[in-house]
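Work through the following exercises with the sequence and the model side by side. Try each task before reading its solution.

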Amino acid sequence: MEADVPGTVLKRERARDAVLELIESRSPGDAIPSERALCALLGVSRPTLRAAVDELVAAGLLVREHGRGMFVAPAKITQELISADLALSVPQAAGAWSSRLLEFTTLQAGARVGRKLRMSPAEEIVYVARLRLVDGAPMAIEHLHIRAALVPGLSAQELEDGDLYEHLRHTHGVHVREAVQAIEPTVVTRAEAQLLEVPELSPALLFERLTSDTGGLPVEYVHSLYRGDRYRIVSRLALGPAAATAPLIRDGHHPGIPPGDFAHGDPIASSTRGDIQAGP
């Protein structure tokens, strides 16, 4: 990692990705280098590294043991929810959604993001961090990684106005088709709490999504943090035959995906639904 990469959010994001790369290359119970060693290895400050490690500890990926160091956490139990009808269209969500850009730059994908997007670590991506707001209140922090070759000339304005997938479709000719998404509970760090205007260590939902186009090419990797006091997930499960097929999504929008995305007919593989609650 380069020590002079600009932007606090980006530095923390790159440190997080680098530590995740270490975690994913090891087995549960394996030790990872100390924070001091990681700072020297990654070329970041102790506060930046500590913020990234705190996030991974809160997410249950790392375990700190006093006097011993840091270790890869035990593997999580995963349950996949499958819908009989995978092609869902997502309607507009309630409330006025907007975005505030935190970071916008082009950089090399790196090993971990490159692997997810099936591209060389040296190839370029557009990295975006943005704060998502509903009726002016902060709701989520999103970190987007988009293949730079697919979006030449992508502007910051496109990411603040309207929905991203509509811009990809109409401006860049990129038609997204499928998204595979994982959701986990977590808590917010001090920096995240300041952006979301909630107390430190407040509950949150962590979304990780990989979006592909109609040809199966990965277009975008996103991880997002949604406020736990304002966001919930509802899953509708088909447990038996029905007399008639009813749409699985009637209101709200797909969790983790900004409202309006896929609202114009593009299908998305999904099995969960997100609802915005009225308040904390």
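Helices (H or I, at least four residues) and strands (E, at least two) are DSSP runs, numbered from the N terminus. This is a predicted model, in which local features need pLDDT of at least 70, side-chain atom pairs count only at pLDDT 80 or more, and totals for chains, interfaces and linings use all residues. Residues are numbered from 1 along each chain as its sequence is written, and side-chain values use heavy atoms, with hydrogens and water left out.

**Exercise 1.** Find which residue follows H2, and describe its phi.

Solution. Helix H2 covers residues 35–42, and after it comes glycine 43, which has a positive phi near 70°.

**Exercise 2.** Determine which residues of H2 are buried, and what they pack against.

Solution. Begin with the term: buried means under 20% relative accessible area, exposed over 50%, and partly exposed in between (1.4 Å probe, protein chains only). By this rule Glu35, Leu38, Cys39 and Leu42 of H2 are buried. They lie on the same side of H2, because they cover an arc of only 105° around the axis, taken from the directions from the helix axis to the C-beta atoms. The face turned away from this buried side carries the exposed residues Arg36, Ala40 and Leu41. Finally, the buried residues of H2 pack against several elements, including helix H1 (8–24) and helix H3 (46–58), where contact means heavy atoms within 4.5 Å.

**Exercise 3.** Decide whether arginine 227 is buried or exposed.

Solution. Arginine 227 lies in strand E10 (residues 218–227), and at 9% relative accessibility this arginine counts as buried.
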